[in-house]
Amino acid sequence: MTTTTPADAPAPGSGPAPGEVVLDASGVTMRFGGLTAVRNVNLDVHAGEIVGLIGPNGAGKTTFFNCLTGLYIPTEGTVRYKGTVLPHRSHLVTQAGIARTFQNIRLFANMTVLENVLVGRHTRTHEGLFSALIRGPRFRRAEQESEERAMELLRFTGLQDKREHLARNLPYGEQRKLEIARALASEPGLLLLDEPTAGMTAVETTATRELVLAVREQGTAVLVIEHDMRFIFNLCDRVAVLVQGEKLVEGTPETVQRDERVVAAYLGTPFEGEPGEAEAAEVQAAEEADTPGAQHGQQEGKTD
Ligand SMILES: Nc1ncnc2c1ncn2[C@@H]1O[C@H](COP(=O)(O)OP(=O)(O)OP(=O)(O)O)[C@@H](O)[C@H]1O
């Protein structure tokens, strides 16, 4: 298992002042014909925060992410990043400072690990076509800087030894890490993760938690969708619950997991996980059994 510590973390790109509102989604509504998938949702994320977004299947979580990242134009509402209203184009949203990963992995399967991260850097490189064609000194310098930064991110995610491997040959957990490395390559102030631990073993889930904490340490706020409640409640500073497109509750993990409406609508029974304890036991058992290559239940391919 690769551990990621804040000491490995690269310098923040445009690290915002602590506490600054990085994301301000206000009155976001998304209708598909007669179906209102997201209804009047308000959500803030501050610098230095890890915020969780949970809710039953079909609650509108991914649709809300799509509204934040320019994939969908919300029927109503506005989304601001550091005070500026975001355009409805995903590459412009990335350029503004929001990066994301997807529920179903979207890597360039036949490109190497390093190339995948370099693709993620394109919003931060400014060399024009002419410069690229003649491969002048400026272009080569930019290319070298990009590669150095990409290697930093591969070290950060523990993938440095796999730089020349084809993405499709990586184990599932490492493909997920590569997605995060690629998203970080655009130097985001906010990272959106859509079910980052889906199909992972307990060991991989713990590594993902460490990685997300390290991402926060290096100055990127995180908004994460996840069905694994132990992961969410042990990781997040704040959790928002969507049910049938509406925000039902928002608060600290302690508040949310004890809220009767959340228990009734989603959790079923109150969440009993002692922070870290059960997780640690699972990880230890898995390590003792030496089964990091256990089967992964890959998510069904789903259109986001
Ligand atoms: N492009 C679309 N066109 C029509 N309906 C859509 C579209 N995208 C999502 N929906 C519908 O919107 C609702 C919310 O779906 P969404 O995928 O956002 O839920 P979710 O909370 O992310 O669910 P899950 O946890 O299963 O991923 C669902 O009823 C879904 O069928």
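Biologist: In this predicted model, where does Gln 244 lie?

Modeller: Gln 244 lies in the loop between strand 9 (238-243) and strand 10 (246-251). Its phi is positive, about 50 degrees, although Gln 244 is not a glycine.

Biologist: Why does Gln 244 count as partly exposed?

Modeller: A residue is buried with 20 or more other C-beta atoms within 10 Å of its own, and exposed with 12 or fewer. Gln 244 has 15 C-beta neighbours inside 10 Å, which lies between those limits, and therefore Gln 244 counts as partly exposed.

Biologist: What is known about the phi of Lys 82, and where is Lys 82 found?

Modeller: Lys 82 has a positive phi of about 50 degrees and is not a glycine. The loop that holds Lys 82 runs between strand 4 (76-81) and strand 5 (84-85).

Biologist: How do you know whether Lys 82 is buried, exposed or partly exposed?

Modeller: Lys 82 has 18 C-beta neighbours inside 10 Å. Burial requires 20 or more and exposure 12 or fewer, so Lys 82 counts as partly exposed.

Biologist: What describes the packing of helix 3 (residues 113-120) and helix 6 (residues 172-184)?

Modeller: Two packed helices are described by the angle between their axes and the distance between the axes. For helix 3 and helix 6, the angle is about 35 degrees and the axes are 7 Å apart. Helix 3 passes helix 6 in a right-handed crossing.

Biologist: Which residues of helix 3 and helix 6 meet, and what are their classes?

Modeller: Helix 3 contributes Val 113, Asn 116, Val 117, Val 119 and Gly 120, which meet Leu 178, Ala 181, Arg 182 and Ala 183 of helix 6. By class, this contact has six nonpolar, two polar and one charged residues.

Biologist: Which residues have the most contacts inside the largest nonpolar core?

Modeller: This core has 70 residues, and those with the most contacts inside it include Ala 181, Leu 190 and Val 222. Leaving aside residues up to four places away in sequence, Val 222 touches Ile 50, Leu 191, Leu 193, Val 212, Val 215 and Arg 216.

Biologist: What makes up the shell around the ligand, by class?

Modeller: The shell has four nonpolar, six polar and one charged residues. Among the residues around the ligand are Phe 32, Leu 35, Asn 57, Lys 61 and Thr 62. Lys counts as charged, so Lys 61 belongs to the charged class.

Biologist: Which helix gives the most to this shell?

Modeller: Helix 1 gives the most, with three residues.

Definitions and conventions: Residues numbered from 1 in each chain as written. Predicted model: local features only at pLDDT ≥ 70, side-chain atom pairs only at ≥ 80, totals over all residues. Axes fitted to C-alpha atoms, helices over the stretch in contact; angles between N-to-C directions. Helix = DSSP H or I, 4+ residues; strand = E, 2+ residues; numbered from the N terminus. Left-handed = near helix turned anticlockwise from the far one by under 90°. Contact = placed C-beta atoms within 7 Å. Near = placed C-beta within 6 Å. Core = buried A, V, L, I, M, F, W, Y, C linked by C-beta atoms within 7 Å.
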